[in-house]
Amino acid sequence: MARTIIYTYKEKEKELLFSYQQHRNLHEAVAEAEGIDITEFLKMEVRLELISDTKAVRNYRDSHFKKLGFGRITLKPKENLGVGKKNK
């Protein structure tokens with residue numbers, strides 16, 4: 001199921017449809033949407049995952065994407081509707 005990403009790039013807030021079938025994580029999706037090649041970053045991230053804990057990898061990812069000009073990257077909250085109710 002596709003979700004919506006809300007992210008900030010160069011101080012402009014944007015939205016993007018996201019699916020785990022196409023991308024491993026939110027960061028890959030927003031980089032592709034902005035036309036940024038993160039091949040070298042992904043190679044380094046895999047190396048870090050082998051030798052470090054998840055917090056170190058997350059810190060590396062966050063600082064790298066800040067350098068690229070990204071701000072907040074998050075999933076848009078789902079609207080929880082009751083059983084049998086639909087959006088109007």
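Residues are described here as buried when their relative accessible area is under 20%, as exposed when it is over 50%, and as partly exposed in between, with a 1.4 Å probe and protein chains only. Helices (H or I, at least four residues) and strands (E, at least two) are DSSP runs numbered from the N terminus. The structure is a predicted model, in which local features need pLDDT of at least 70 and side-chain atom pairs count only at pLDDT 80 or more, while totals for chains, interfaces and linings use all residues. Residues are numbered from 1 along each chain as its sequence is written, and side-chain values use heavy atoms, with hydrogens and water left out.

The strands form an open sheet of three, in the order β2-β1-β3 and with antiparallel pairing, where two strands are said to pair if DSSP finds at least two bridges between them. The edge strands, each of which pairs on one side only, are β2 (12-18) and β3 (70-75). Direction ignored, neighbouring strands of this sheet are turned against each other by 20 degrees on average; axes are lines fitted to C-alpha atoms, for helices over the stretch in contact, and angles run from 0 to 180 degrees between N-to-C directions. Strand β1 (residues 3-9) is joined to β3 by four bridges, the two running antiparallel, and β1 pairs with β2, also in the antiparallel sense, over seven bridges. Ile6 has a bridge partner in β3, namely Thr74, and another in β2, namely Glu15. Ile5 stands opposite Leu75 in β3. In a regular strand the side chains alternate between the two faces of the sheet.

Arg3 is also placed in strand β1, where this residue is partly exposed, with a relative accessible area of 24%. When neighbours within four places in sequence are left aside, Arg3 is in contact (heavy atoms within 4.5 Å) with Leu16, Leu17, Phe18, Leu75, Lys76, Pro77 and Lys78. Of these, Lys78 is 75 residues from Arg3 in sequence, yet the C-alpha atoms of the two are 8.3 Å apart in space.

The hairpin of β1 and β2 has two residues between the strands. Lys10, in the loop between β1 and β2, has a phi near 50 degrees, a positive value in a residue other than glycine. Glu11 lies in the loop between β1 and β2 and has a phi near 65 degrees, again positive in a residue other than glycine. Most residues other than glycine have a negative phi, and most peptide bonds are trans. Lys10 is exposed, with a relative accessible area of 57%, and Glu11 is likewise exposed, with a value of 78%.

Asn25 lies in the loop between β2 and α1 and, at 14% relative accessibility, counts as buried. Apart from neighbours within four places in sequence, the contacts of Asn25 are with Phe18, Tyr20, Glu45 and Arg61. The C-alpha atoms of Asn25 and Leu42 are 11 Å apart in space, with the two residues 17 apart in sequence.

The helices α2 (residues 39-51) and α3 (residues 54-68) have axes that come within 10 Å and cross at roughly 160 degrees. That angle makes α2 roughly antiparallel to α3, since angles under 35 degrees count as roughly parallel, over 145 as roughly antiparallel, 65 to 115 as roughly perpendicular and the rest as oblique. The crossing of α2 past α3 is right-handed, a term used if the near helix is turned clockwise from the far one by less than a right angle, and left-handed if anticlockwise. From α2, the residues Phe41, Met44, Glu45, Leu48 and Glu49 meet Val57, Tyr60, Arg61, His64 and Phe65 of α3. By class, this contact of α2 with α3 has six nonpolar, one polar and three charged residues, where Ala, Val, Leu, Ile, Met, Phe, Trp, Tyr, Cys and Pro count as nonpolar, Asp, Glu, Lys and Arg as charged, and the others, Gly among them, as polar.
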